[in-house]
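Student: Can we go through this one together? I'd like to start with the strands and then move to the ligands.

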Amino acid sequence: MAKVNNWHLRREMEYPLEGSRPKRQWAIIFDLNKCIACQTCTLACKTTWTSGRGQEYMFWNNVETKPWGGYPLGWDVRVLEKLGPQEWAKSGEYLGKTIFEAAPPSEKAVHFAPKDEDWMYPNLGEDDCAGANQDSGGHVASLPHDKWFFYLPRTCAHCTYPACLAACPRNAIYKREEDGIVLIDQSRCKGYGECVRACPYKKSMYNPETRTSEKCIGCYPAVEQGVQPQCVVNCIGKIRVMGFVHPPAQAKKDNPVDWLIHEKKIALPYYPQLGLEPNIYYIPPVHADPEYLRQMFGPGVDGAIERYKALSNDPVTAGLLCLIGSTDRIMHRFEVKNGEARGFDDQGKELVSVPVTEPFIERTAFDAKIGAIRNNTP
Ligand code: SF4
Ligand code: SF4
Ligand code: SF4
C-alpha cells in the first residue's frame, strides 16, 4: 500500500497504487434542491452510449430516490455496513477506515458483488418518504413536515483514487492525465468483474454480450471539444455543471466548480469516508434529515445548508448558480458584476451572460400597438 493525500478526509490514507493527480480533474456538481427526477439525464446517456446488446440494464447515469432507492439494490447500505464505524473529528478529519484500509489482507478493498436481480429495479423506492408518520397513509395527515425524500442523480465519479482501477488484475483501467477521466480499455478487459465488485458506488457494469466491463466515459469526446457531458447539457432542471476541480491549495477563485466546492463549501463529495476522493459533488437538499445527510456528505453538510439558505445575501454565488445550465460549453472562469453573471472558456472568450435577477415586466391589459387585450384568466 502507498500513502496518498486525500483532501476529502483531511489526512493521508493507504491506497494500493502510487497516487498521482492528473493535470486537470473532470468534476460535476449537482444541486439536489433542484432535481425533479425527470430522468432526462439518464435517457440522454442511455441513447448516446448504452443502447447496444448486453447494455439493456445499464444506466451509467441513474437517478434514485433517497433514502429507499438504490441502483443496484442497496449498494450504499451494503458497503457502509461492511466498512464499520465512520467517525469524523471536529477538525473535519476522518477517523475511521476507508474501503482500502479496511480490506482483508488478500483484497484491495472492502467490496461486494451485486447479483443480477439487484440491477433489475432502478426505480425501486421512487418518491417513497422517510421520517415520522411515513406510513400514515397520506401526505395530508402528517403535515407539517417531517417527511422527506430527495433525488440523487449519479454518474461515475472519475475518482482520484479509483477502486475499480486498483482492483483490475489486467491493468485494463486507466485514469487520463489530461482530464482525470477513468476509462476501461476494452481490448485489455477480460470481464473478470473485479472492478464491478470493488467500485463502492457500483458504477462499473458487466456486459454479458461482449464479456467485458463497461462504465461512464465522462463523455470524453465532448469534453475534448470543450463541451459538457450529455447528462449535464440535457438536464431539464439545470441542476448540473461540469468543470475542472483543483485540490484546495491550487483552487482558483474564478473557477466555477472551485468556487462552489472550496471557496463557499456548499458542494460536497458523497460518501467521502469510502476514501476514493470521488469527483462528483452535491449541494445537499435543505429539507432532508440532517443525520442522514451527515452520513452521506460528511461533517460539512450543516454549514453547506446554512450558506445555501443565505444565498440572497451572497450575490456572487447566487449569480454563479444562475449560470448553471445556461451554456453547453465548459466554463473555466466566471464573474458576477453589475447584476450580470458571465461565463468564459479556457481562452477567456465569453460563453454566456445572464442577469442575476430576472427583470420584472408588467404588461398593460390593452396592447395598443397590436390592438390586443390580454388578461390573466387561467
Ligand atoms: S435531468 Fe436533471 S432534473 Fe432531470 S433527473 Fe436528471 S439531474 Fe434531475
Ligand atoms: S466511481 Fe467506481 S467506476 Fe467510477 S472511477 Fe470511481 S471506483 Fe471507478
Ligand atoms: S458523463 Fe456521459 S457517459 Fe457519463 S453518465 Fe454522463 S452522459 Fe453518460
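Student: How many bridges join strand 11 to strand 12, and which way do they run?
Tutor: This is a predicted model. In it, strand 11 and strand 12 (residues 280-283) run antiparallel and are joined by two bridges.

Student: What stands opposite P269?
Tutor: Y281 in strand 12.

Student: And what is the strand order in the open sheet?
Tutor: The order is 10-3-12-11, four strands with mixed pairing. Strand 10 (240-245) and strand 11 (268-269) are at the edges; each has a single partner strand, so one side of each has no neighbour in the sheet.

Student: OK, ligands. Which residues are closest to ligand 1?
Tutor: C35, C38, C41, C235 and G237, out of 15 that surround ligand 1. Helix 1 (40-49) and strand 5 (150-154) are the elements giving two or more residues to that shell.

Student: How does that shell around ligand 1 split by class?
Tutor: Eleven nonpolar, three polar and one charged.

Student: Which residues come nearest to ligand 3?
Tutor: C45, C216, C219, P229 and C231, from 13 around ligand 3. Helix 1 and helix 6 (230-233) each supply at least two residues of the shell.

Student: Last one, ligand 2. What surrounds it?
Tutor: 14 residues, with C156, C159, P162, C164 and C199 the closest. The shell around ligand 2 divides into ten nonpolar, two polar and two charged.

Definitions and conventions
Residues are numbered from 1 along each chain as its sequence is written. Chains are lettered from A and ligands numbered from 1 in the order in which they are written. This is a predicted model: local features need pLDDT of at least 70, side-chain atom pairs count only at pLDDT 80 or more; totals for chains, interfaces and linings use all residues. A residue is near a molecule or strand if its C-beta atom, placed from the backbone, lies within 6 Å of it. Ala, Val, Leu, Ile, Met, Phe, Trp, Tyr, Cys and Pro count as nonpolar, Asp, Glu, Lys and Arg as charged, and the others, Gly among them, as polar. Two strands pair if DSSP finds at least two bridges between them.
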